[in-house]
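Subject: Structure for your review

Dear colleague,

Please find the structure below, handed over for your own work. A summary of the findings comes after it.

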Amino acid sequence: MTQKLDLIVLGVSVGLAVGVLIATLVFLGLRWYKKRAHLQRSAHERSFGSLPIRMNGFGVNTDLSASLESPVKGRPEHTQRSTQPSLWSYHSKDRPASLSGVFRYSYKDIQKATQNFTTTLGQGSFGPVYKAVMPTGETLAVKVLASNSKQGEKEFQTEVSLLGRLHHRNLVNLVGYSVDKGQHMLIYEFMSNGSLANLLYNQKEQSLSWDERIQIALDIAHGVEYLHEGAVPPVIHRDLKSANILLDESMRAKVADFGLSKEEVFDDQNSGLKGTYGYIDPVYISTNQFTTKSDIYSFGVIIFELITAIHPHQNLIEYVNLAGMSSDGIDEILDKQLVGQCNIEEVRELARIGHKCLHKFQRKRPSIGEVSQAITKIKHRQHARDNSMSFVNPDISLVISKIQDQQVELSEMTSREITVK
Ligand SMILES: Nc1ncnc2c1ncn2[C@@H]1O[C@H](COP(=O)(O)OP(=O)(O)OP(=O)(O)O)[C@@H](O)[C@H]1O
Ligand SMILES: [Mg+2]
């Protein structure tokens, strides 16, 4: 009987032990399974999260954030939605731009915005330029690269990569580009008052005032100053001309077209003259070396266009050289629209700056910083005169203006003497 009882106790104990063992194994098995499932899920989630970025060829890098945060005007709406990349925001069709923070548009977008390329603004050596109204309401200018132009192709690549990193209020902003259906296009901010060349030569009835011309000269100087002295490495424009100066709705000037721009390199590989006839530095023609001082020469030509409204193709430089023989020679070739409408001392001062820019020796030409300072001085004179004139009648104001000019000249002569001593 006792033996039977012992056997029952033993059986129950073994049964219990086996039960506990099985339960422990099941518990451990379940925990392992859960952990594995969790690991698998998070691994899956991680790879899924990065998938859209990899799929579209973007890395999670500064390039992407730069293009999303860059204050470029005319940004497509989809790029403004969110700075957090989501699965849907990288669909290849509406992918935000990639090239140096400049946005990429599809051919279809541009075709629609330009009413199937019918809104022509003009035609340059690069190809036609169209006005584009985007779905956001923003107006832009689209430059279509002529497909048969080899030089244009090169210009396209240079402009996109160069302009992507150059931003200044006196440079025409490159908003985007398009490489689609075998077409290359550059998309710029729209400059509603067109080119300086057009305003000087085709709009005689609505002539630019002297004050506007001084402001335009200063704006151009600031734009070029940024290229020469602000950009790293420095940039030489290589095609400064009145056709490449564009004006916005407030008649503020911006320098356009960096297609011929080049980072400053002094190698012997430079071959083939670049630029526009009438604006090219004679030193560059003879040496084939383009320096910042060659841009200064072209800027000098623009200064005389502003003063005379004579186109460089109409013997402007010959007239300017003749005028330079006497201190008041410039009076003879002053734009007819300005006669009696401007302060002749300011005209002569601007002409003196222009002559220095055209000096036959590059080292004798001023730097763009010096040019900016000199034009700023003229502007300060204007301000001083305007302020004092607002209180007096026109006859007295003319006398005051003369006295002020003489005072400025006297103080300049004194400061020159002090520097010489
Ligand atoms: N961003 C812009 N906004 C408004 N009009 C523009 C813009 N860019 C160019 N244009 C106009 O389009 C026309 C052609 O410009 P484009 O720059 O192609 O030629 P260009 O400056 O005359 O010669 P080049 O090809 O030598 O630069 C010009 O008359 C200019 O007024
Ligand atoms: Mg141009």
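The following paragraphs set out the conventions and then the findings.

This is a predicted model, in which local features need pLDDT of at least 70 and side-chain atom pairs count only at pLDDT 80 or more, while totals for chains, interfaces and linings use all residues. Residues are numbered from 1 along each chain as its sequence is written, and chains are lettered from A and ligands numbered from 1 in the order in which they are written.

Overall composition. The protein chain contains 12 helices and 10 strands; these are DSSP runs (helices H or I, at least four residues; strands E, at least two), numbered from the N terminus. Of its 421 residues, 32% are buried, a residue being buried if 20 or more other C-beta atoms lie within 10 Å of its own, exposed if 12 or fewer, and partly exposed in between, with C-beta atoms placed from the backbone. Among contacts (C-beta atoms, placed from the backbone, within 7 Å) between residues at least 6 apart in sequence, 64% join residues at least 24 apart.

Six strands form an open sheet of mixed pairing, in the order 1-5-6-4-3-2; two strands pair if DSSP finds at least two bridges between them. Strand 1 (103-104) and strand 2 are at the edges with a single partner strand each, so one side of each has no neighbour in the sheet. Strand 2 (residues 120-123) pairs with strand 3 (residues 128-133) in the antiparallel sense over three bridges, with Thr120 opposite Tyr130. Four residues lie between these strands in their hairpin, where Gly127 has a positive phi near 145 degrees. Strand 3 is also antiparallel to strand 4 (residues 139-144), over five bridges. The hairpin of strand 3 and strand 4 has five residues between the strands, and Gly137 in its turn takes a positive phi of about 95 degrees. Lys143 of strand 4 is the bridge partner of Val129, and Lys143 also stands opposite Leu186 in strand 6. Strand 4 and strand 6 (residues 183-189) pair in the antiparallel sense over five bridges.

Ligand 1. Which residues are closest to ligand 1? They are Gly122, Gly124, Ser125, Val129 and Ala141, in a shell of 22 residues (C-beta atom, placed from the backbone, within 6 Å of the ligand). Strand 2 and strand 4 are the elements that give two or more residues to this shell, and strand 2 gives the most, with three.

The nonpolar core. The largest nonpolar core has 77 residues, and those with the most contacts inside it include Leu140, Ile187, Phe299 and Ile303. Such a core is a set of buried Ala, Val, Leu, Ile, Met, Phe, Trp, Tyr and Cys residues joined through C-beta atoms within 7 Å. Helix 6 (residues 210-230) is its main contributor, giving the most with 10 residues. Leaving aside residues up to four places away in sequence, Phe299 touches Ile220, Val224, Leu240, Cys357 and Val371. Cys357 belongs to helix 10, where the buried residues also include Val347, Leu350 and Ile353.

His237. This residue is in the loop between strand 7 (235-236) and strand 8 (245-247). His237 counts as buried because 27 other C-beta atoms lie within 10 Å. His237 and Ser294 are 57 residues apart in sequence, with their C-alpha atoms 9.3 Å apart in space.

Yours sincerely

Key. Contact = placed C-beta atoms within 7 Å.
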